[in-house]
Amino acid sequence: MRPSYFINFMMGIYIFIFFAYLFGPLIIMSITAFNSAEFPSITPWECFSFRWFNEGKIAYDGQHLAGLLSDWRLHDGIISSLIIGAGVVTLSVPIGMAAAIVLTQVRSQLRDIYYSISIMPVLFPGVIIGISTVVLWDRIAGLGGEGFIADIGRNGIFLTILAQTCFISTYCFLIFVARLQRFDQTQEEAALDLGASQTQVFFKILVPYLSPAIASAAVIAFLFSFENYNTTVFSILSDQTLTTVIASKVRLGISPALSALALTIIALTIIAAVTYEVLRRRAEKRYAESQEKFVKEKAADNRINKKYKAGFKIPKGIAAILLIVVFATYGATQVVKNDLYGQSCIDAADKEKKSKFLEQLQTLESNELTDEELSGGSLGGNQDYGDIFGDPSLFQDFGGFD
Amino acid sequence: MNNFLFTQPFFKKNGKAVAIYFLVAIIFWFVFLVIIPQFYMLDLSFRTNVPPLARGGPEDYYTFEHYSHFIFGSKTATDAFNFVDLGVFGRTIFVSMLVTIANLLFCYPIAFYIAKIANPSTARLLIVSLIIPFWINELLRSFALRILFANEGVINNFLTGVGLLDQGILFITYDIGLYTGLIYAYILLMMFPLYNAIESLDINQIEAAKDLGSSSFRTHWRIVIPHAKPGIVSGCTMVFMLTVGALATPVVLSSPNTLWFPQLIYQWFNMNDNWSRGSAYSIILLIVSVIFVLTMMRIFKVRIGEIIK
Amino acid sequence: MSADVELSDVSVTFGSFYAAKNVNVKVNGGEFFSFLGPSGCGKTTLLRAISGFQEPSEGKVLIDNKDMSGIGPNKRPTALIFQNLALFPLMSVSENIAFSLEVRGVSKEERKKRADELLELIALEGQGDKKVHQLSGGQKQRVAIARALAVEPKVLLLDEPLSALDLKLRQRMRTELREIQKRVNITFIYITHDQGEALTMSDRIAVMNEGELEQIGKCDEVYNNPLTPFVATFVGENNPLYGKVTGIEGDKAKIETADGQYLATMNESKKLNIGDESIAFVRPESLFIPRDGDNFDNKIDVNIESFEFEGNLKNFYASLKSGAKIKFSVPNAIDTSSITSGSSIVLGFESSKSVILPKASLAID
Ligand SMILES: Nc1ncnc2c1ncn2[C@@H]1O[C@H](COP(=O)(O)OP(=O)(O)OP(=O)(O)O)[C@@H](O)[C@H]1O
Ligand SMILES: [Mg+2]
């Protein structure tokens, strides 16, 4: 029985749609980062510009829409996120490692319970971990009087580190468990037998063996911490992290500066992914050289379509690249032809909008409409919204301005 | 205690220094980060909402008021039940289930294709492509959808621009954006367990089944799906739990007049400064989560270790 | 630099299961001593008790007449070579070998010097910088030995170290091991389930079965004078002839079987009485096809069923009247072309080459 061409064809289309679903929004968002318009959009296209990566713009109504480089709130958020990430890595990697090693030592009757407790935190909804940490530490701070305890108990960064460590330790734990499963315990015994103390066994045998897991646990812990929102939004109290800044921005209205931020993150991610893949392939190649070849053959055997051709086929790659080049050239010529780039274009657009705005303002004034309706025309950006906890009105337009 | 808890004497096995590090790390984690905060929150959910300074005073006593508020509404309300909150709760759970099922249906063909049909290099390429969006912040991914679905967003602009529509569709108002976003948010947590489970199936079993005259559908139903069961359960559990507890995606994508349950918690907690009620609602969410996990484990007879790997 | 090792009434239990039971043995300093027994009989357990990984539940381990209870494996003058070698894959060959010096805080130069010495001993000069996975099976084996010898232990414990190697290499390593032992002159305690290995290398062997010692002695002694039916059939091959004792003459006993009467030699410590259920054993190489003028103590009628060619020997499988099976081997130098499947012949064997023991279970059951 051969899968019919029709089914193959449908499958191809399905895969295309699926990946379009995954990537389409990201690609479109990335493109909007280069449109100079205040509202992230593709049509109508105003001007091609990097302003959202740089200083942003002063809007026609005098409002400052910050770009990536000029947004101090974002910078502060990134800095706290980095601090929190570092703190979470230093706590959760050792915790995960200890918990995973001890898992190999608890009696088999207790192992299930121990394991369940260890993975419980990732099954808790993130908001709950944040809340429970905050309520507990608020109480501790309340009991602790005015001193140090009260200070750290109400320190958002400290609480966020604790709250994130609670569940990120579990991810580290799982990474270490996976690696330890392949550990040959006789190595510890051999080292002991050769005269090493228990502590030496730990540092000279176990830790070196676990070092790849330590590295990946650190990376995972940092990334999870960096992008966490659900827990952080509670535990951060009056501070801000990158994610809470993003969330409050989005809530106030969407700005292309966010597209620019997202595109930056996507670019970093892709670079990291490619680097990782290259390193991994290199390591794998080195490993394969010292191992029998059948392992690889076996992996290939376990597929329906055995007659595959190895390697990324060059023609396909060329076709893809050509396609991209064609689109890019087309886009670029359109931009150039219609004079849609550079300062002159932006100035022209701004001028036009400003005059329109003034016109509107005049009509509004003459019609004596309320301020409220006026501000409804504002298309988001970086207003000074202050502390999100202190501003109940934020919740009335929870989810945006639409 | 040693022999009761451990296979070997703990201090002797690890050496004093390392053993102390292990114990401190684990106790700090289990007790101070996991257990005590949860219990304190549970305790708080049964207490009156008083300002911090009044804690321990006469105003601070045990009560069921927060839980009864969830069900019956405030004492002054006219309705018999708290339809608003119950409605949010019910909708959250119902939609989460639909999202889970949708994820399963969407992912299964892809997971099977990558695991068993695509040639290894394509498969690797696809896997890497799957991972990349996953590392982008959930908020930003939702934001990307928001750009598409906003009233003057890319889709509406396109549709009206081309002339297909006179007026944009209110994707956000009708929560179409939210549902799409929730499916989008955790789809990879369905994909990977599924992929891993299917990948471990011996291809000979599939071929043997086909050889015995089984149709494609039957082969999947009788061979692949039963084999992938742990992966399916794992994916469904993760997706459901994350969807029910989602906050970031609803913050970006939900319409102004509907709430997701964690948003409700957020409101009680931050906006109305009612931590006790926020805690009570959290406990309710936690109970739902626990019941869901236990039910999945019971129905599909998998152990918790198989759900999270 | 060698030490005696004494196990005095050692038992090791896992729950209610005895992995080793009342083991008493004294290994002399400088001796090559082997524990031989089938898989799962408790050999590794015993070795772990000597090296300190497993506290005996009863009894004592003495090394150099010192009681070892409570002394950890890193404090005992023993070195263990693991069944899977347990080389450290992340370290180079030299680092592996010098590990025991490293943990004792020996300086780097000295470590290198010692590692080079040992590399020479195991004929791997100049290969110290290789990683473990770049070595062949036999080389890994030798590195494991060098690593164990680095701190000059008084006792080297080897747990089936050759089992992972192929036949040729195994045979070569036997000689090498024996030579290394002579050179370093320390006590070797060797564990194996391969009787050929035990017999060729050891000064003395101990045969184990289900956690208990069946017999301790020199190799030829154990081979020629097994103490139990288990040893008789586990060490080398043996044909059992079941029957009852009908008469006793000096150190010989007469046994009445379903296929006739045979005379066999009794073991001094296993005296029999008339009427006892017993088994006489005769080895395949002790069964002869009588030629003219030969006069054997015992004669036995057999019906040839099949035969196989083993190179230096030709093995015949035959059945007796009662249906019992018997195997005998004839050197290839003797012409046996007339004997084919189905032919009936008479075999003979000497009573001095046959032992008779009280009935008990065999190794092959
Ligand atoms: N930690 C343990 N817990 C329970 N039973 C054990 C343990 N270690 C060994 N045993 C049991 O003790 C018996 C002897 O095991 P041991 O490893 O000593 O056998 P062995 O003679 O070395 O076998 P092999 O030749 O296969 O290595 C076996 O039945 C084994 O199942
Ligand atoms: Mg063993």
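Start by selecting C:Glu277 and C:Lys244, which form a salt bridge with their closest N and O atoms 3.8 Å apart. A salt bridge here is a side-chain nitrogen of Lys or Arg within 4 Å of a carboxyl oxygen of Asp or Glu. C:Glu277 belongs to strand β14 (residues 277–282) of chain C and C:Lys244 to strand β11 (residues 239–249) of chain C, so the pair ties together parts that are 33 residues apart in sequence. Helices (H or I, at least four residues) and strands (E, at least two) are DSSP runs, numbered from the N terminus. C:Glu277 is partly exposed at 43% relative accessibility, and C:Lys244 is partly exposed too, at 42%. Buried means under 20% relative accessible area, exposed over 50%, and partly exposed in between (1.4 Å probe, protein chains only).

Before moving on, a word about what is on your screen. This is a predicted model, in which local features need pLDDT of at least 70 and side-chain atom pairs count only at pLDDT 80 or more, while totals for chains, interfaces and linings use all residues. Residues are numbered from 1 along each chain as its sequence is written, chains are lettered from A and ligands numbered from 1 in the order in which they are written, and side-chain values use heavy atoms, leaving out hydrogens and water.

Next, pick C:Asp194 and C:Arg174, a salt bridge whose closest N and O atoms are 3.8 Å apart. This pair links distant parts of the chain, 20 residues apart: C:Asp194 is in the loop between β8 (187–192) and α7 (195–201) of chain C, and C:Arg174 is in helix α6 (residues 167–184) of chain C. C:Asp194 is partly exposed, with a relative accessible area of 22%, whereas C:Arg174 is buried at 15%.

Now go to helix α4 (residues 108–121) of chain C, where C:Lys112 and C:Asp116 sit four residues apart, separated by about one helical turn. Their salt bridge has its closest N and O atoms 3.1 Å apart. Which of these residues is exposed, and which partly exposed? C:Lys112 is exposed, with a relative accessible area of 54%, and C:Asp116 is partly exposed at 33%. Over all chains, the whole structure holds 21 salt bridges.

**The magnesium ion**

Select ligand 2, the magnesium ion: its protein donors are C:Thr44 (OG1) and C:Gln83 (OE1), lying 1.8 to 2.8 Å from it. C:Thr44 is in helix α1 (residues 43–51) of chain C and C:Gln83 in the loop between β6 (78–81) and α2 (93–97) of chain C, so the pair ties together parts 39 residues apart in sequence. Donors are N, O and S atoms within 2.8 Å of the metal (3.2 Å for Na, K and Ca); water is not among the atoms, so sites may look incomplete. C:Thr44 is partly exposed at 26% relative accessible area, and so is C:Gln83 at 39%.

**Where chain A meets chain C**

Finally, show chains A and C together. Here 19 residues of chain A are in contact (heavy atoms within 4.5 Å) with 24 residues of chain C. Two salt bridges are counted between chain A and chain C. Zoom in on A:Glu189 and C:Arg48, whose side chains meet in a salt bridge (2.7 Å, N to O). On the side of chain A that touches chain C, α7 (186–193) and α8 (198–227) of chain A each supply at least two residues. The largest share of that side, seven residues, comes from α7(A).
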